[in-house]
Amino acid sequence: MSTPFTPEAVEAIRRHMNDDHAGDALLICRSLGGQPEATAATTTGVDAEAIEFAAVVGGREVTVRVPWSTTLTERAQVRAEVVRLYREACEALGVPARGEH
């Protein structure tokens with residue numbers, strides 16, 4: 001897993017996702033992560049290629065990696081990619097997306 005992000009940046013992203021966007025992570029895992037039966041999801045990491053989650057499926061934890069649309073080189077790109085994944089997941093699941101993130 002290659003990453004242009006410092007451990008502190010990864011932790012800040014992980015914490016923000018888990019504190020403020022846990023529902024978004026679940027939608028992403030259900031739709032784009034191929035785990036439609038997931039009941040919970042926690043963001044566990046990010047790197048240049050993907051965002052990673054621990055999803056609960058059938059009572060057990062599974063790792064789910066969802067790739068970015070491009071290789072990331074800067075922390076600022078993570079937000080745009082997560083918003084894109086969230087909107088794609090909402091569309092795929094037929095769930096109305098919130099407004100601006």
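**Charged pairs, strands and cysteines**

Colleague: What is the relative accessible area of Glu11?
Modeller: Glu11 counts as partly exposed, the class that lies between buried (under 20% relative accessible area) and exposed (over 50%), with a 1.4 Å probe and protein chains only. The relative accessible area of Glu11 is 31%.

Colleague: Before we go on, which atoms do the side-chain values use?
Modeller: This is a predicted model, in which local features need pLDDT of at least 70 and side-chain atom pairs count only at pLDDT 80 or more, whereas totals for chains, interfaces and linings use all residues. Residues are numbered from 1 along each chain as its sequence is written, and, with hydrogens and water left out, the side-chain values use heavy atoms.

Colleague: Where is Glu11 found, and with which residue does Glu11 form a salt bridge whose closest N and O atoms are 3.4 Å apart?
Modeller: Glu11 is found in helix H1, where helices (H or I, at least four residues) and strands (E, at least two) are DSSP runs, numbered from the N terminus. A polar contact of 2.6 Å joins the side chains of Glu11 and Arg14, such a contact being a pair of N or O atoms within 3.5 Å; within protein, one must be able to donate a hydrogen and the other to accept it, and residues adjacent in sequence count only if both atoms are side-chain atoms. A salt bridge needs a side-chain nitrogen of Lys or Arg within 4 Å of a carboxyl oxygen of Asp or Glu. Within the network of salt bridges that links Glu11, Arg14 and Arg15, the partner whose closest N and O atoms are 3.4 Å apart from those of Glu11 is Arg15.

Colleague: About how many helical turns separate Glu11 and Arg15?
Modeller: An α-helix has 3.6 residues a turn, so residues three or four places apart point the same way. Because Glu11 and Arg15 are 4 residues apart in helix H1, their separation is about one helical turn.

Colleague: How many salt bridges are there by this rule, and how many residues apart are Asp24 and Arg98?
Modeller: The count comes to 7 salt bridges, and in one of them the side chains of Asp24 and Arg98 meet at 2.7 Å, N to O. This pair links distant parts of the chain, with Asp24 in helix H2 and Arg98 in the segment after H3. Asp24 is buried at 5%, while Arg98 is partly exposed at 39%.

Colleague: Is Asp47 buried or exposed, and at what relative accessibility?
Modeller: Asp47 forms a salt bridge with Arg65, the closest N and O atoms being 2.9 Å apart. The pair joins the loop between S1 and S2, where Asp47 lies, to strand S3, which holds Arg65, 18 residues apart. Arg65 counts as partly exposed at 37% relative accessibility, whereas Asp47 counts as buried, at 0%.

Colleague: Which residue of the hairpin of S2 and S3 takes a positive phi near 60 degrees?
Modeller: Strand S2 (residues 50-57) and strand S3 (residues 60-67) pair in the antiparallel sense over 8 bridges, pairing being called if DSSP finds at least two bridges between two strands. Phe53 stands opposite Val64 in S3. Between the strands of the hairpin there are 2 residues, and the positive phi near 60 degrees belongs to Gly58.

Colleague: How far is Cys29 from the nearest cysteine sulfur?
Modeller: The structure holds 0 disulfides, a disulfide being a pair of cysteine sulfur atoms within 2.5 Å. Cys29, in helix H2, is buried with a relative accessible area of 0%, and Cys90 is buried at 1%. Cys29 touches Gly34, Gln35, Ala41, Phe53, Ala55 and Val64, not counting residues up to four places away in sequence, where contact means heavy atoms within 4.5 Å. Cys29 is in no disulfide, and the distance to the nearest cysteine sulfur, that of Cys90, is 13 Å.

Colleague: With the side chain of which residue does the side chain of Glu81 make a polar contact?
Modeller: The place of Glu81 is in helix H3 (residues 76-93), and at 9% relative accessibility Glu81 counts as buried. Leaving aside residues up to four places away in sequence, Glu81 touches Trp68, Ser69, Thr70 and Leu72. The polar contact of the Glu81 side chain, at 2.8 Å, is with the side chain of Arg84.
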